[in-house]
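Visitor: Hi! I'd like to talk through this fold with you, starting with how the helices pack. Could you put it up for us?
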Amino acid sequence: MEDKQLRTNKKQKIIVITGATSGIGLACKSLFEKNGHRVISLARNNINNDNDFFSCDVSKEIQVIETFKKIKEKYGQIDILINNAGYGISGAVELIENRDIENLFDVNLLGCINSFKYALPLIKKGGMIINMSSVCALFPLPYRSLYCASKASLNMLSLCLYMECKPFNVKVVSICPGDVKTNFTKNRVKVFKTNERYDDRIKIATNLLDKREDRRMPPEKVAKVVFRVSKKKQPKPYVIVGFKYKVLHFAMRFLPTSWLLYFTEKFFGGHNKNIKGENF
């Protein structure tokens, strides 16, 4: 049965965050808790020994069903779902195994769908679902094709759900951060398999982007945006985090797509031989 003592005051919200044990998810958890809210963490392992934690692989529907049954029994309704669980993969699409592609979409897209489906009945009127996307949903990158595609799919899903959920006053927002300094780069699945078509461009392109680590924004910056969005009565359907990405997105409205693809491939396509493509 629902524990009536879980809400210590009327203003306290119950927040569910998937992938809340590190990176952006952990930063969001810390900020919401700092502001007096109760955060339920969903992840495969409870590495931080959180009290409000459920072990759950969001790509497994049965686990998600059971988890939200337990959440309903203990907490009753929830106010906000933050779909944050996800990871990246790099490499030439031609040379990436289908099982790796399926795993990526199972977590990045199907995982969000699973959480949405079974959290929605618990989200009360005026609640919110925040899907953590990426600027890679908006700006294509060579050798990041599958990650970009998974996040672009999530963005489109969010826009559709925005309309589907509007009649019963549940808001759906997609957050699109730029480069963030987390373990995301370290944990990305890197496929360096190549052939005569790609030569060493895959390694060079991967190295170029990964070396930008020191210029990435802290996860706390993204968490602050998520927190501000969570308080809005009429949030935008999607929010870009990072000034330069906002400017580029605005410019894309007026510039030909072919220009964007030309310059992106030129600078990030692994053509600069001065950047070593060492293995990782």
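Guide: Happy to. One definition before the helices: axes are lines fitted to C-alpha atoms, for helices over the stretch in contact, and angles run from 0 to 180 degrees between N-to-C directions. Please keep in mind that this is a predicted model.

Visitor: Good, so at what angle do helix α2 and α3 pack?
Guide: Helix α2 (residues 61-75) packs on α3 at about 30 degrees, and the two axes are 9 Å apart. Angles under 35 degrees count as roughly parallel, so α2 is roughly parallel to α3. Their crossing is right-handed.

Visitor: Which residues make that contact?
Guide: From α2 there are Glu61, Val64, Ile65 and Phe68, and from α3 there are Asn114, Ser115, Lys117, Tyr118 and Ala119. By class, the α2 and α3 contact has five nonpolar, two polar and two charged residues.

Visitor: And what about α3 and α4, at what angle do those cross?
Guide: Roughly 15 degrees, with the axes of helix α3 (residues 98-119) and helix α4 (residues 145-165) coming within 10 Å. That angle makes α3 roughly parallel to α4, and α3 passes α4 in a right-handed crossing. The α3 side of the contact includes Ile101, Leu104, Phe105 and Phe116, while the α4 side includes Leu146, Leu154, Leu157 and Leu161.

Visitor: How many residues of that contact are nonpolar?
Guide: The contact of α3 with α4 has 14 nonpolar residues, along with three polar and one charged.

Visitor: Let's switch to the sheet. What is the strand order?
Guide: It runs β3-β2-β1-β4-β6-β7-β9, an open sheet of seven strands with parallel pairing. β3 (53-55) and β9 (238-241) are at the edges with a single partner strand each, so one side of each has no neighbour in the sheet. From one strand to the next, the twist averages 20 degrees.

Visitor: Can you walk me along it? How many bridges pair β1 and β2?
Guide: Five bridges, in the parallel sense. Within that pair, Val16 stands opposite Ile40 in β2. Strand β2 (residues 38-43) is mostly covered, with five of its six residues buried.

Visitor: Keep going. What about β4 and β6, how many bridges do they have?
Guide: Strand β4 (residues 78-83) and β6 pair in the parallel sense over five bridges. Leu81 has Ile129 as its bridge partner in β6.

Visitor: Which residue in β7 is the bridge partner of Ile129?
Guide: That's Val172. β6 and strand β7 (residues 171-177) run parallel and are joined by five bridges.

Visitor: How many residues of β6 are buried?
Guide: Seven of the ten residues in strand β6 (residues 123-132), which leaves the strand mostly covered.

Visitor: Which strands does helix α7 lie across?
Guide: Helix α7 (residues 219-230) lies across β4, β6, β7 and β9, and runs at about 155 degrees to β6.

Visitor: And at what angle does α7 cross α1?
Guide: At roughly 55 degrees, with the axes of helix α1 (residues 23-34) and α7 coming within 8 Å. That makes α1 oblique to α7, and the crossing of the two is right-handed.

Visitor: Which residues meet there?
Guide: On the α1 side they are Gly23, Ile24, Ala27, Cys28, Leu31 and Phe32, and on the α7 side they include Pro219, Val222, Val226 and Phe227. The contact of α1 with α7 counts ten nonpolar, two polar and two charged residues.

Visitor: One last topic, a loop residue. Where is Thr182?
Guide: Thr182 is in the loop between β7 and α5 (184-187).

Visitor: Is Thr182 buried or exposed?
Guide: Its relative accessibility is 19%, so Thr182 counts as buried, the cut-off for buried being under 20%.

Visitor: How far apart are Thr182 and Gly23 in space?
Guide: They are 5.2 Å apart, C-alpha to C-alpha, although 159 residues separate Thr182 and Gly23 in sequence. Gly23 is also one of the α1 residues that meet α7.

Technical notes: Residues are numbered from 1 along each chain as its sequence is written. This is a predicted model: local features need pLDDT of at least 70, side-chain atom pairs count only at pLDDT 80 or more; totals for chains, interfaces and linings use all residues. Side-chain values use heavy atoms; hydrogens and water are left out. Buried means under 20% relative accessible area, exposed over 50%, partly exposed in between (1.4 Å probe, protein chains only). Helices (H or I, at least four residues) and strands (E, at least two) are DSSP runs, numbered from the N terminus. Two strands pair if DSSP finds at least two bridges between them. Angles under 35 degrees count as roughly parallel, over 145 as roughly antiparallel, 65 to 115 as roughly perpendicular and the rest as oblique. A crossing is left-handed if the near helix is turned anticlockwise from the far one by less than a right angle, and right-handed if clockwise. Contact means heavy atoms within 4.5 Å. Ala, Val, Leu, Ile, Met, Phe, Trp, Tyr, Cys and Pro count as nonpolar, Asp, Glu, Lys and Arg as charged, and the others, Gly among them, as polar.
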